Structures are given as structure tokens and as C-alpha cells.
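Please open the structure in a viewer and keep a selection tool at hand.

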Amino acid sequence: MYNLQWLKLEIKIFSNRKMQILLKETDGDTYFRVWIQLITIAMECNSEGKLVIGEKTPMTIENFSKIMEKSKKKYKKGE
């Protein structure tokens, strides 16, 4: 296991065409934030990128909505 403390992003992330399209969508900024939060949660889990609680229990949409304080409906739309 790694002890990851830094997240490296490309400096041109907002020039990326896919990112520009995402950010222009309804709630695009929210989905961008959720994406970053999911990456950091995976880093905190320190389980080879798996999003788990404890040793092996996978996180659910309900878990994410509680952690990030957003509605479950918002996460289901982003699946």
C-alpha cells in the first residue's frame, strides 16, 4: 500500500475539450467536484483505487451522498 498525500492534476485541465463540455452542462461544476472528491476518497481508502469502507465493504451511493453532502439523486444521475 502507498501513503498518498498529493493529487497531481494537469495544469491545462480546464482546456481539455471533455472538461469544457462537462462544465457547460447543467450541474457540470458539481460533477467536476464530485469527480475530484471520488479520487481523493479512493486515495484515503488506500486500497488500490477501490472505494471501500473498512477492509472489503464497497462504498455505496448512500455513503457518497452522506460524505459529500449531496442528494442520492445527483449521484445516480452521474453514474
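Begin with L9, which is found in the segment before α1, the helix of residues 17-24. The model is a predicted one. In it, L9 has a relative accessible area of 40% and is therefore partly exposed, since that class lies between the limits of 20% and 50%.

Now display the whole protein as a cartoon. Its secondary structure comes to 4 helices and 2 strands. Read from the N terminus, the order of the elements is α-α-β-β-α-α. Of the 79 residues in the protein, 24% are buried. If a surface is drawn, the protein exposes about 6700 Å², and carbon and sulfur atoms supply 54% of that area. Among the contacts with a separation of 6 or more, 40% are made by residues 24 or more positions apart.

Proceed to the loop between α1 and α2 and select D27 there. This residue is not a glycine, yet its phi is positive, at about 65°. With a relative accessibility of 27%, D27 counts as partly exposed.

The next selection is helix α2, residues 28-45. This helix has 18 residues, and the distance from its first C-alpha to its last is 26 Å. That span is close to the 26 Å expected at 1.5 Å a residue. Which residues of α2 are buried? They are G28, T30, Y31, F32, V34, I36, I41, A42 and M43.

Continue to helix α3, residues 61-68. Colour I61, F64, S65 and M68, which are the buried residues named for this helix. Then turn the view to look down the axis of α3: the buried residues fall within an arc of 100°, so they line one face of the helix. In an α-helix there are 3.6 residues a turn, so residues three or four places apart point the same way.

Finally, select E69, which follows α3. The phi of E69 is positive, near 55°.

Notes:
Residues numbered from 1 in each chain as written. Predicted model: local features only at pLDDT ≥ 70, side-chain atom pairs only at ≥ 80, totals over all residues. Heavy atoms only, no water. Buried < 20%, exposed > 50% of the residue type's maximum accessible area, 1.4 Å probe, protein only. Arc of directions from axis to C-beta. Expected span 1.5 Å × (residues − 1). Contact = heavy atoms within 4.5 Å. Areas by Shrake-Rupley, 256 points an atom, 1.4 Å probe, with all protein chains shown as cover.
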